Amino acid sequence: MAGKKPAKSPKLDDAVGEGEEGAPAETEVSEKHQQILERIVSIQGDIDALNERASEEILHVEQKYNGLRQPHFERRSELIKELPDFWSTALLNHPQFSELFGEEDETVLQYLENIRVDEFEDVKSGYKVSMFFRPNPYFENEVLSKEYALDTNGESMIKGTEIKWKPGKNITEKSVAESKGRKRGHEDIGSFFLWFCDLDPSSDEPAELIKDDIWPNPLQFYLGGDQSVEVEEGDYDGEEDDGLEAEEEEEEEEEEDEIVELSEDEEEEEET
């Protein structure tokens with residue numbers, strides 16, 4: 001069976017040419033189709049411009065709401081400190097994140113006091129994940145962090161905290177020694193704490209799980225699927241909610257003004 005012939009690609013220019021002896025060459029795109037294609041190109045340019053504008057406005061909205069969320073994150077962190085082993089429980093209850101821990105890691109996690117995610121001002125350029133620990137018998141650091149950023153060329157830049165292990169307490173050395181001579185898959189990662197010194201961009205799974213999955217709502221993982229905790233009236237600060245509503249109303253008014261401006265611009269273009 002003969003294969004199908006490849007379809008010809010329409011051209012926007014040079015639709016009509018001349019043969020070797022000055023005779024008209026075969027027309028690949030009729031004049032009518034050429035005009036239609038040119039109009040589509042023009043419309044597509046308008047769509048691309050709107051998409052670019054939308055990206056800029058989405059970035060602006062993300063920056064705004066990141067700022068609005070910060071006071072709530074801080075209040076949540078203060079309350080979480082009153083719950084023993086909140087963060088270690090949330091991490092161990094997460095189906096993917098729990099696979100990253102060894103037995104000794106779980107012991108160290110008992111000293112985990114807080115987790116924080118800081119997104120950079122322009123949001124898209126990077127973020128930082130920080131873990132805060134109480135004084136413990138394993139390492140001197142109070143904070144272990146991992147930072148992901150993009151340089152001016154769009155290349156990934158990764159920074160991690162060097163863990164200052166106390167004598168005889170480096171659980172990662174034991175993990176590395178145990179793994180020598182055999183392949184290690186995802187389930188045999190050894191120690192989670194090796195991640196802080198791993199600057200390979202392909203090792204960013206833990207950071208993404210924390211930033212996108214755990215940090216926004218750690219309560220769901222702490223409860224382990226038990227959503228029986230109910231919020232009673234009066235358990236929140238009404239003044240803060242009123243302020244948020246005012247911000248949202250102001251945002252809606254700005255969006256309505258922009259829609260009016262866009263409509264006026266379109267009417268002017270039609271008149272011209």
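## Ground rules

A residue counts as buried under 20% relative accessible area, as exposed over 50%, and as partly exposed in between (1.4 Å probe, protein chains only). This is a predicted model, in which local features need pLDDT of at least 70 and side-chain atom pairs count only at pLDDT 80 or more, while totals for chains, interfaces and linings use all residues. Residues are numbered from 1 along each chain as its sequence is written, and side-chain values use heavy atoms, with hydrogens and water left out.

## The overall picture

Let's start with the whole chain. The protein chain has seven helices and four strands; these are DSSP runs numbered from the N terminus, with helices being H or I over at least four residues and strands being E over at least two. Read from the N terminus, the order of elements is α-α-α-β-β-β-β-α-α-α-α.

Of the chain's 272 residues, 25% count as buried. The chain exposes about 19,500 Å², and carbon and sulfur atoms supply 47% of that (accessible areas come from the Shrake-Rupley method with a 1.4 Å probe, and for residues only the protein chains shown count as cover). Now for contacts, meaning heavy atoms within 4.5 Å. Take the contacts between residues at least 6 apart in sequence: 53% of them join residues at least 24 apart.

## The sheet

The four strands make an open sheet in the order S1-S2-S3-S4, with antiparallel pairing. S1 and S4 are the edge strands, each pairing on one side only. From one strand to the next, the twist averages 10°; axes here are lines fitted to C-alpha atoms (for helices, over the stretch in contact), and angles run from 0 to 180 degrees between N-to-C directions. Two strands pair if DSSP finds at least two bridges between them.

Walk across the sheet and you meet S1 and S2 first, paired antiparallel over seven bridges, with Asn114 partnered by Phe132 in S2. Next, S2 (residues 126-133) runs antiparallel to S3 (residues 143-150), and seven bridges join them. Then S3 pairs with S4 (residues 156-160), again in the antiparallel sense, over five bridges.

Glu147 is a handy landmark in S3. Glu147 is the bridge partner of Lys128, and Glu147 also stands opposite Lys159 in S4. Lys146, meanwhile, stands opposite Gly160 in S4. The hairpin of S3 and S4 has five residues between the strands, and there Gly154 takes a positive phi near 80°.

## Helices over the sheet

Which strands does H2 lie across? H2 lies across S1 and S2, running at about 70° to S1. H5 lies across S1, S2 and S3, and runs at about 90° to S2.

H2 covers residues 86-93, and its buried residues are Phe86, Trp87, Ser88, Ala90 and Leu91. What covers them includes H1, H3 (103-109), S1 (112-119), S2, H5 (205-214) and H6 (219-222).

## A buried aspartate

Asp105 sits in helix H3. Is Asp105 buried or exposed? Asp105 is buried, with a relative accessible area of 2%. Leaving aside residues up to four places away in sequence, Asp105 touches Leu100, Ile171, Gly190, Ser191, Phe192 and Phe193.

## Salt bridges

How many salt bridges does the structure hold? There are four, where a salt bridge is a side-chain nitrogen of Lys or Arg within 4 Å of a carboxyl oxygen of Asp or Glu. One of them joins Glu57 to Arg53, with the closest N and O atoms 3.1 Å apart. Both residues lie in helix H1 (residues 31-80), four residues apart, about one turn of the helix. Glu57 is partly exposed at 32% relative accessible area, and Arg53 is partly exposed at 33%.

Another salt bridge links Lys81 with Glu78, the closest N and O atoms being 3.6 Å apart. Lys81 is partly exposed, at 41%, and Glu78 is partly exposed too, at 48%. The side chains of Arg116 and Asp118 also meet in a salt bridge, at 3.0 Å from N to O. Arg116 has a relative accessible area of 37% and counts as partly exposed; Asp118, at 25%, is partly exposed as well.
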